[in-house]
Amino acid sequence: MSHVIVRQTVKHGTSELFSMTDSFRGRQRERERERETDTESERGEQTCPECNSDRLVHSEGELVCDDCGLVVDESNIDRGPEWRAFNHSERQSKSRVGAPTTKTMHDKGLTTTIDWQNKDAYGRSLSSEKRSQMHRLRKWQERIRTKDAGERNLQFALSEMDRMASALGVPDSVREVASVIYRRALNEDLIRGRSIEGVATSALYAACRQEGIPRSLDEVAEVSRVSQKEIGRTYRYVSQELGLELKPVDPKQFVPRFASELELSKEVQSKANEIIDVSAEKGLLSGKSPTGFAAAAIYAASLLCNEKKTQREVADVAQVTEVTIRNRYQEQIEAMGL
């Protein structure tokens, strides 16, 4: 009986101790909230004592008036790095953090990489025994980065998209969007029954259209390992299933690139854009290839601006046939009333 009474007393004392601790923590949190609220209100009401302006900005640990330049407070905490760098190489050498996470890698960049150089931290060469050991470590590191077949397929698809994006010369933002689209298709189980290369290529083409980077289906098919027909079919299926809201391609997006490759002036580009606008207002753009329409407009503008280019030259740059340029050219000339 005495043991039971002691145990109950201990339990009762422990519960009281826990309740006292919880109440103490609750009061401490309330004080911190009140302190933060007072600090925010003080910052919101703070003005410059020199010009009474409320445009105060934080710059390198100081609170500075944006109107007169007076340093109002210099005791703020600077949350930036303690070092200074004036170019990219200095920034890279002094930085002690890794690269940001990215969707273009199957593990989002959160992995360990063993350097290929057989040198230690002091730059000295490793012994033959250490070199063979590092070779084995690199090999196993590559193997354990992917735990199953799904991750291996994702790694292959992302590397394939990176290869095609480099060949097309598209920026990193397009690669990120393409990786997100492919991951969405993978989560929705849209890859089952289709080739990985086909879905990866269609995701890259959709990303180019979504980001406003003009790349035609023919250009994407040239750097891909699948046919243009399969790319188009997979692209339509993926965009419909994922609900991608993609606008029709504007031929004016191709004008700067085509004109640059043909070494034409800004005047020709402006004239070509004017021809496209007038033709589109009269309904001639519907059902036509945007690359062929842009190529015909550039050909017509080069003739009007006395910077003549042959149909063969324009067709080679735009990757269309001369017949397409002639047909679109006749329609555009009639629309312009020339």
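Colleague: Why are H12 and H13 called roughly perpendicular to each other?
Modeller: The two helices pack at an angle of about 110 degrees, and 65 to 115 degrees counts as roughly perpendicular (under 35 is roughly parallel, over 145 roughly antiparallel, the rest oblique). H12 and H13 therefore fall in the roughly perpendicular class. Their axes, which are lines fitted to C-alpha atoms over the stretch in contact, lie 9 Å apart.

Colleague: What should I know about the model itself?
Modeller: This is a predicted model, where local features need pLDDT of at least 70 and side-chain atom pairs count only at pLDDT 80 or more, while totals for chains, interfaces and linings use all residues. Residues are numbered from 1 along each chain as its sequence is written, and side-chain values use heavy atoms, with hydrogens and water left out.

Colleague: Back to that helix pair. Which residues make the contact between H12 and H13?
Modeller: With contact meaning heavy atoms within 4.5 Å, H12 brings Gln311, Arg312, Val314 and Ala315, and H13 brings Glu322, Ile325 and Arg326. By type, that contact has three nonpolar residues, one polar and three charged.

Colleague: And Gln319, where does that residue sit?
Modeller: Gln319 is in the loop between helix H12 (311–318) and helix H13 (322–336). Its phi is positive, about 60 degrees, although Gln319 is not a glycine.

Colleague: How do you know whether Gln319 is buried, partly exposed or exposed?
Modeller: Buried means under 20% relative accessible area, exposed over 50%, and partly exposed in between, using a 1.4 Å probe and protein chains only. Gln319 has 30%, so it counts as partly exposed.

Colleague: What makes Glu263 exposed?
Modeller: Glu263 has 68% relative accessibility, so it counts as exposed. You'll find Glu263 in the loop between helix H9 (255–261) and helix H10 (266–281). Phi of Glu263 is near 60 degrees, again positive in a residue other than glycine.

Colleague: How do you know that S1 and S2 pair?
Modeller: Pairing needs at least two bridges found by DSSP, and S1 and S2 have four, in the antiparallel sense. The bridge partner of His58 in S2 is Leu63. Strand S2 (residues 62–65) also pairs with S3, over two bridges, and there Leu63 has Asp73 as its partner.

Colleague: What sits between S2 and S3?
Modeller: Those two strands form a hairpin with five residues between them, and Gly69 in the turn has a positive phi of about 85 degrees.

Colleague: Why are S1 and S3 said to stand at the edges?
Modeller: The open sheet runs S1-S2-S3, with antiparallel pairing. Strand S1 (56–59) and strand S3 (71–73) each have a single partner strand, so one side of each is left without a neighbour in the sheet. Neighbouring strands here are turned by 40 degrees against each other on average, direction ignored.

Methods
Axes fitted to C-alpha atoms, helices over the stretch in contact; angles between N-to-C directions. Nonpolar A, V, L, I, M, F, W, Y, C, P; charged D, E, K, R; others polar.
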